[in-house]
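Here's a quick briefing to read alongside the model. Have the viewer open and click along as you go.

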Amino acid sequence: MKKQTMKKTILGLSLAAVLGLGGTFAYLTATTGEKVNNFTSDNNITGRTDEVFEEQKASNYQPGDLIKKAPTVSIDQGSESAWVGLKVEYIDSKGNALPYDKFSKLATVEDFNVGEGATQWTKSAHGNTEFYIYNTALTGGTKATPLFTQTKVNAGITTLSSEKTKTVYTYDAQGNLVKTEKSDVSKGTTVYDADGNVLGEFKEFNADTGALTTKLPSFTIKITGYAVQSKNVDKTTALTELEKLAF
């Protein structure tokens, strides 16, 4: 009886020892190797910003001129289909971006093709810059209908002569002089009339004759095109992605 009792006691201790050590063991682990799956594609979007532009006429314009400028975007043959957009910036002779209402004192954009039609553009304004998305995704080898067709130079733009630079005196009802204004301005200053129309830009002053010569103001309409895939992308998402590229 004593021997049997001792065997049971030893077995019980041994088991307790194994259980006690088991708390420090980690799970069984092994590295089984790796599989690397590379996803590649030859799909790509290629395209360009196109336009019909009367560059020679624009470089020597006359007030009231109609100048052809018809910007669009085309997607190359073999390219993936894409949503396309155009950013339009109106810039004065100093390189400053202008809102369209101020730019229109210099020139206006004619025949904007904006609307809900499949071959029209939708406008999205961003401060002094305008952005337009074409309403239909383009497939390879196609182009969008032009955003607009021409620009018209403001007929009210004129050059200035030194005779137009004079001193203006303002008197009150009692005949007292209350204000003296000199209309002479420095080189490079654009001059406007009382209605905000551009009269001209002073070019240089001749110290010998005291005459000011002027030139017609220069301005720029800058067009930049963008494209984003149309597969699995709706128009709303495309606009967001195009604007990320543009701004």
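D111 sits in the loop that links strand 5 to strand 6 (121-126). Its phi is near 60°, a positive value in a residue other than glycine. Keep in mind that this is a predicted model. The rest is sorted by topic below.

**Positive phi**
- As background, most residues other than glycine have a negative phi.
- N232 also has a positive phi, near 65°, and N232 isn't a glycine.
- You'll find N232 in the loop between strand 15 and helix 4 (235-246).
- Is N232 buried or exposed? Its relative accessibility is 77%, so N232 counts as exposed.

- In soluble globular proteins, nonpolar side chains tend to be buried together.
- Here, the largest nonpolar core has 25 residues, and the ones with the most contacts inside it are V84, V88, F103, W121, L147 and I221.
- At least two residues of this core come from each of strand 2, strand 3 (82-91), strand 5 (107-110), strand 7 (129-134) and strand 15.
- Strand 3 gives the largest share of this core, with five residues.
- Another core lies apart from it and has nine residues, including F131, I133, Y226 and V228.
- Back in the largest core, V88 is one of the residues with the most contacts inside it. Setting aside neighbours within four places in sequence, V88 is in contact with T129, E130, Y132, L147, I221, K222 and I223.

**A threonine in strand 2**
- T72 belongs to strand 2.
- T72 has a relative accessible area of 4%, and because buried means under 20%, T72 counts as buried.
- A polar atom of the T72 side chain lies 2.5 Å from the backbone oxygen of A144.
- Which residues does T72 touch, leaving aside neighbours within four places in sequence? T72 is in contact with R48, T49, D50, L86, W121, K143, A144, T145 and P146.

**Largest pocket**
- The largest pocket holds about 290 Å³ of space.
- Its lining is made up of 14 residues, and F53, A58, I67, F219 and T220 are the ones that lie nearest its centre.
- Strand 2 (66-75) and strand 15 (220-229) each put at least two residues into that lining.
- By type, the lining of the largest pocket splits into eight nonpolar residues, five polar and one charged.

Methods. Residues are numbered from 1 along each chain as its sequence is written. This is a predicted model: local features need pLDDT of at least 70, side-chain atom pairs count only at pLDDT 80 or more; totals for chains, interfaces and linings use all residues. Side-chain values use heavy atoms; hydrogens and water are left out. On a 1 Å grid over the protein atoms alone, a cavity is a set of points where a 1.4 Å probe fits but cannot get out, and a pocket is an open set with protein on both sides within 12 Å along at least five of seven lines; lining residues have an atom within 4 Å of a point. Grid points are joined across faces, edges and corners, and a volume is the space filled by probe spheres set on the points. Helices (H or I, at least four residues) and strands (E, at least two) are DSSP runs, numbered from the N terminus. Ala, Val, Leu, Ile, Met, Phe, Trp, Tyr, Cys and Pro count as nonpolar, Asp, Glu, Lys and Arg as charged, and the others, Gly among them, as polar. A nonpolar core is a set of buried Ala, Val, Leu, Ile, Met, Phe, Trp, Tyr and Cys residues joined through side-chain atoms within 4.5 Å. Buried means under 20% relative accessible area, exposed over 50%, partly exposed in between (1.4 Å probe, protein chains only). Contact means heavy atoms within 4.5 Å. A polar contact is a pair of N or O atoms within 3.5 Å; within protein, one must be able to donate a hydrogen and the other to accept it, and residues adjacent in sequence count only if both atoms are side-chain atoms.
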